[in-house]
Amino acid sequence: MITQQDISTVIGSNAVDADGDKLGQVEQVYLDDQTGRPEWATVKTGLFGTSETFVPLAEAQLSDGTLRLPYQKAKVKDAPRMDADGHLSPQDEDALYRYYGLGDAGTTGTSGTETTTGTVGQGLAAGTGTGFDRDRDRDGVADDREGWTVGHDTSGPTTDDAMTRSEEQLRVGTQQVEAGRARLRKHVVTEDVTTTVPVSREEVRIEREPITDGNAGAALDGPAISEEEHEVVLHAERPVVDKEAVPVERVRLDTQTVTEQQQVTDTVRKEQIEADGDGGTGTARGTDRI
């Protein structure tokens with residue numbers, strides 16, 4: 001038996017038939033107004049899931065996140081088409097009871113659970129597999145506190161003469177995520193360096209000096225006429241290249257925080273309350289667009 005605690009799991013789950021064949025995704029769950037018990041669910045069927053078909057939850061079972069129904073796939077697809085607008089009229093509910101062989105509305109069905117006629121569905125649980133409305137807690141469990149209805153129509157003995165209008169508001173924050181990585185990598189490159197180095201060399205030049213009293217002795221030393229040879233060693237400097245590795249700087253990675261403005265757009269829902277009346281003097285009709 002599907003209970004209120006199961007509804008958050010049922011919505012958005014896959015429904016299968018008695019043979020295990022997939023029927024479609026569960027979109028909505030309808031609650032009995034007086035008992036708050038899940039009574040009906042809608043399953044997306046048809047080509048590309050373009051329509052919703054009502055199925056009873058009386059004998060349905062929830063197993064491993066899958067809603068198992070005791071009906072054949074063809075049976076479900078041929079069910080009477082009802083508008084899944086959050087409300088089942090007594091006539092629509094009677095037609096569904098008769099089609100699934102559960103007896104007339106208001107009598108005991110095959111599950112042995114007494115249902116309420118004509119009001120099943122006004123306590124719509126959710127429309128897109130996202131949990132309950134304001135009549136349920138954030139954890140998806142019905143709230144029995146004073147002043148709260150348990151998935152029922154708000155026009156009941158547990159409410160006052162006012163209706164609560166709610167709307168969604170965006171709550172925008174920031175989350176730190178890894179956006180990228182930066183790293184330092186050192187590799188060796190070569191380049192040609194040209195510099196100028198002064199070098200010196202010795203060149204030969206001939207010096208001539210006249211014979212004087214001071215050098216006459218050295219000039220007359222030796223034979224008068226002879227062949228002689230004198231040799232002079234010449235020296236020259238050449239560039240010598242040597243290399244030395246020296247540290248020139250230290251490099252590290254650092255981060256800085258830059259703040260920029262980004263626009264965030266999302267869709268929010270809000271409720272609108274319409275006043276509708278018929279008959280009698282002073283009956284007003286209008287729409288509250290707060």
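These questions and answers go through a predicted model of one protein chain.

Visitor: In what order do the elements of the protein chain run from the N terminus on?

Guide: The protein chain has 4 helices and 8 strands. Read from the N terminus on, their order is α-β-β-β-β-β-β-α-α-α-β-β.

Visitor: What percentage of the residues in the protein chain is buried?

Guide: A residue counts as buried when its relative accessible area is under 20%. The protein chain has 290 residues, and the buried share of them is 25%.

Visitor: How much of the accessible surface belongs to carbon and sulfur atoms?

Guide: The accessible surface of the protein chain totals about 22,800 Å². The part that belongs to carbon and sulfur atoms is 46%.

Visitor: Is T53 buried or exposed?

Guide: T53 lies in strand 4, which covers residues 51-56. The limit for a buried residue is under 20% relative accessible area. T53 has 0% relative accessibility, so T53 counts as buried.

Visitor: Which side chain makes a polar contact with the side chain of T53 at 2.3 Å?

Guide: Leaving aside neighbours within four places in sequence, the residues in contact with T53 include T45, R81 and Y100. The side chain of T45 makes a polar contact with that of T53 at 2.8 Å. The polar contact at 2.3 Å is with the side chain of R81.

Visitor: What kind of aromatic pair do Y99 and Y100 form?

Guide: The count of aromatic pairs comes to 5. In the pair of Y99 and Y100, the ring centres are 5.2 Å apart and the planes make an angle of 85°. Planes over 60 degrees apart belong to the edge-to-face class. The pair of Y99 and Y100 is therefore edge-to-face.

Visitor: Which residues form one aromatic cluster?

Guide: Y99 and Y100 form an edge-to-face pair, and both belong to the cluster.

Visitor: How far from the ring centre of Y99 is the charged end of K75?

Guide: The charged end of K75 sits over the ring of Y99. Its distance from the ring centre is 4.1 Å.

Technical notes
Residues are numbered from 1 along each chain as its sequence is written. This is a predicted model: local features need pLDDT of at least 70, side-chain atom pairs count only at pLDDT 80 or more; totals for chains, interfaces and linings use all residues. Side-chain values use heavy atoms; hydrogens and water are left out. Helices (H or I, at least four residues) and strands (E, at least two) are DSSP runs, numbered from the N terminus. Buried means under 20% relative accessible area, exposed over 50%, partly exposed in between (1.4 Å probe, protein chains only). Accessible areas come from the Shrake-Rupley method with a 1.4 Å probe; for residues, only the protein chains shown count as cover. Rings of Phe, Tyr and Trp (its six-membered ring) pair if their centres lie within 6.5 Å; planes under 30 degrees apart count as stacked, over 60 as edge-to-face and the rest as tilted. A charge sits over a ring if NZ of Lys or CZ of Arg is within 6 Å of the ring centre and within 35 degrees of the ring normal. A polar contact is a pair of N or O atoms within 3.5 Å; within protein, one must be able to donate a hydrogen and the other to accept it, and residues adjacent in sequence count only if both atoms are side-chain atoms. Contact means heavy atoms within 4.5 Å.
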